[in-house]
Amino acid sequence: SKRLLVEQLLREADAAGRLKHFGRIAHTPGLVDLVVEFISELKRDEIWPEDFVRACDDRAAGRSRKDRELGEIYRLYQERLVKHRLYDDEGRFWSARDRLQRGQRRPYEQLRVVVVDGFSDLTRTQHEIVDLLAERVEQVYVGLVDDDRGDRDDLFLKPRGTLARLQTSHPQLTVRRLPAPAAEPT
């Protein structure tokens, strides 16, 4: 759905003559993919369209035509979601975090344990959700993949960064390393 919405917004902007920088490639799948990833990356870091525009304006070189067009597509994308009460993946996390911050506990009222698994790293919003849940439940378990043999350290930078941030946020954190599963015979 995100991809279809971005594709539609690019078509509309191009038809209105607002895409000078991206005009020649406005209808290509590659541009759609790039804009979708651009929006997802900004939203994972909780950078709103106006924050992106402001950051571009603050640069010494100012905002380029490319920046203006990306900022406009992102703004239109976010407005369309709000107008139709839609959430993308990142927006669902924002909404959950905001509800927890406002004290809405359902469906969390009866929870005693929270398990966070399937992530190699957490976004700022996801860390905030873990922090809020940790205040309300007895235990939080976070599963992260790591390999302490030392021969592939670069592969585990994200989970290790996540662990470091969790240890900073939660000094009482207990780390339990589980043995790696035995290798399958070949």
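Val6 touches Val32, Val35, Val36, Ile39 and Tyr77, leaving aside residues up to four places away in sequence, where contact means heavy atoms within 4.5 Å. The model is predicted, so local features need pLDDT of at least 70 and side-chain atom pairs count only at pLDDT 80 or more, while totals for chains, interfaces and linings use all residues. Residues are numbered from 1 along each chain as its sequence is written, and side-chain values use heavy atoms, with hydrogens and water left out.

**Nonpolar cores**

- Val6, Leu10, Val35 and Tyr77 touch the most other members of the largest nonpolar core, which has 25 residues; such a core is a set of buried Ala, Val, Leu, Ile, Met, Phe, Trp, Tyr and Cys residues joined through side-chain atoms within 4.5 Å.
- At least two residues of this core come from each of α1 (2–15), α2, α3 and α4, and α2 gives the largest share, 7 residues; helices (H or I, at least four residues) and strands (E, at least two) are DSSP runs, numbered from the N terminus.
- Another core, of 10 residues, lies apart from this one, and Val116, Leu122, Val137 and Leu166 are among them.

**One side of helix α3**

- Pro49, Phe52, Val53 and Cys56 are buried in helix α3 (residues 49–58), buried meaning under 20% relative accessible area (1.4 Å probe, protein chains only).
- These residues lie on the same side of α3 because they cover an arc of only 95 degrees around the axis, the arc being that of the directions from the helix axis to the C-beta atoms.
- Among what covers the buried residues of α3 are α2 (29–44) and α4 (65–83).

**Pockets**

- The largest pocket has a volume of about 1,200 Å³; on a 1 Å grid over the protein atoms alone, a pocket is an open set of points where a 1.4 Å probe fits, with protein on both sides within 12 Å along at least five of seven lines, and lining residues have an atom within 4 Å of a point.
- A volume is the space filled by probe spheres set on the grid points, which are joined across faces, edges and corners.
- Of the 32 residues lining the largest pocket, Val142, Gly143, Thr174, Val175 and Arg176 are the closest to its centre.
- The second largest pocket holds about 260 Å³ of space, and of its 15 lining residues Arg44, Asp45, Glu90, Thr123 and Gln126 lie nearest its centre.
- The largest share of the lining of the second largest pocket, 4 residues, is supplied by α5.

Definitions and conventions. Buried < 20%, exposed > 50% of the residue type's maximum accessible area, 1.4 Å probe, protein only.
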